[in-house]
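Work through the exercises below with the sequence and the 3D structure open. Try each task before reading its solution.

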Amino acid sequence: MRLFTLTFVTVLLSSCGKQTEEYLYDKKHKDYRLVQQMGADKCINESRIFQEMQKQNDFSKAFKNGSYFQVDIAKDNGAKYSDFILINEVSKDSLAIHYYSEEEDSRTIIYTSQNNNDLISAIANGVCTPNKELRYGHSSNALNNKTVFSFTDSRIKGNQDAYEKIVESYTTRLSQPLVFMEWNRKISTQYKTLNNAASSPKNNTYSVKTITKDQCDSNVVCSRSTWDFKRVNVTVDTNAFSSNSLESRIFNIEDFDSSEE
Amino acid sequence: MKLGLFFLTILFSLSASASFLEYRDESFRPEDLKNKKWLFNLGVGYIDYPTSLPEFKGAHTTVPEEEKVGVYGADLGVGREFSLIGALSTSIRIGAFYNKGNENNNGKASEDVDVDLANVRTDHLIYGAQASASLNYLFETKYFNIQPFLEFGMGQGKTEIEKEYTFDGVQPDNSDAESYLAEMEEDFDFVKTSVGVNFISRTGIISFIKATKMSASYNEREVAGEVNGSSLDSVQDEFDEATDIYSGTIGMGFFF
């Protein structure tokens, strides 16, 4: 009983704090748009993941020449195969990335630090936009992650009775160039026509993993020496989030059919 | 939380006759109580304290010239009871009180913008020492004794209050940002009158409840701080100001 009394008094004295929370602005307030913009700016400037992405802008510090990666691809039609990537040239502000594929044209993708900056902006703009309808989906604490960030870009054409919908789920890994999100991706396509139920989603899945040179050498596709690489560039649309067009993508790799149904 | 704790205290106060027996040794004899006249008590108090911080009207908070704040704390006393006539007795006691509180209000931008824009923090500390005398009358019942009392006291106290408000602003140039900080210290003398009831178990364990009116006269009030960059510093040492402060205390004690 004595112990209880002492505990009780201690708890009481330490419970004399009062914490409350309130919202200062509602949608009718004249400064609401400023508040929204401020929230977006703060999200872009203070989210840890974007700060970490910025650190990758000096490619010569972030990536190693001669790094190999394997892209595992699973398509809705049941096809499964692997493509391969080699970071072939690294400079401070440019990467030359060889993409080896038997299914598509092989390419050398020229990825610049300007592309990288634009890509960070494109993601940040979409993730942090005050417009909920356009905002890229992400988990609540993902922005504080230092190494991985996943988000979803949904686009729809039509209305609830008849539509075509594309949902692209990207994963960016800071151990890889940001452009690799092209191959850390799941793209899901779904249709609905009038008087018919929505189709089952068609999913194509891509995932990138690091491999060693020995692993590459032991693979007939990766080790082939007769590739004819075509140099292609990357274009980034920093305002892609603001469009619901099915064709609107965050970035495109020249001559690369990104939809790949 | 606080209400729950108060409810618990009341519950335990009213159950004095039975559950508090365990405070005493099993060999305790009720007749020994008649020789035990010293008493000790510890209470939990709530004080409704008037504050006089420099006035301020901001976009998201207002500090009125006068405001009452509720602060919880502890009240401790040691004294001795003297029998007068029959059931009438008097108690003389010295004691101290210590009330401390903290309020923090966090202003978020809006429901869909999770940004902390404003904050209001208020810390209260009120403490002092007192001497008191009470007149008591004992009603004996089968299970425990009831002792209403009227208490008079006097003492000195000190108050330390700190209020800080910050608003970061939403304009791109932060032109609407605001800040307010006031740290106030007051010294006061007081006389007080309390009415209350002791519930005394057969073993001399006391549970009590009392209400107090304290008339405080201030000796010195010192304010330091600033509002939007302008100083609020001031010292006031000549007062013609007396304030009534009300408080309530519940607690327990024992004769020894």
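**Exercise 1.** Find which residue stands opposite B:Phe139 in E8(B).

Solution. B:Phe139 stands opposite B:Ile146 in E8(B). Strand E7 (residues 139-140) of chain B runs antiparallel to E8(B), and two bridges join them. Strands (E, at least two residues) and helices (H or I, at least four) are DSSP runs numbered from the N terminus. Two strands pair if DSSP finds at least two bridges between them. E7(B) and E8(B) form a hairpin, with three residues between them.

The model is predicted: local features need pLDDT of at least 70, side-chain atom pairs count only at pLDDT 80 or more, and totals for chains, interfaces and linings use all residues. Residues are numbered from 1 along each chain as its sequence is written, chains are lettered from A and ligands numbered from 1 in the order in which they are written, and side-chain values use heavy atoms, leaving out hydrogens and water.

**Exercise 2.** State how many bridges join E8(B) to strand E9 (residues 178-201) of chain B, and how many join E8(B) to strand E6 (residues 113-137) of chain B.

Solution. Start with E9(B): 24 bridges join this strand to E8(B), and the two run antiparallel. Within this pairing, B:Thr159 has B:Glu186 in E9(B) as its bridge partner. Next take E6(B), which is joined to E8 (residues 144-167) of chain B by 19 bridges, again antiparallel. Here B:His124 has B:Ile161 in E8(B) as its bridge partner.
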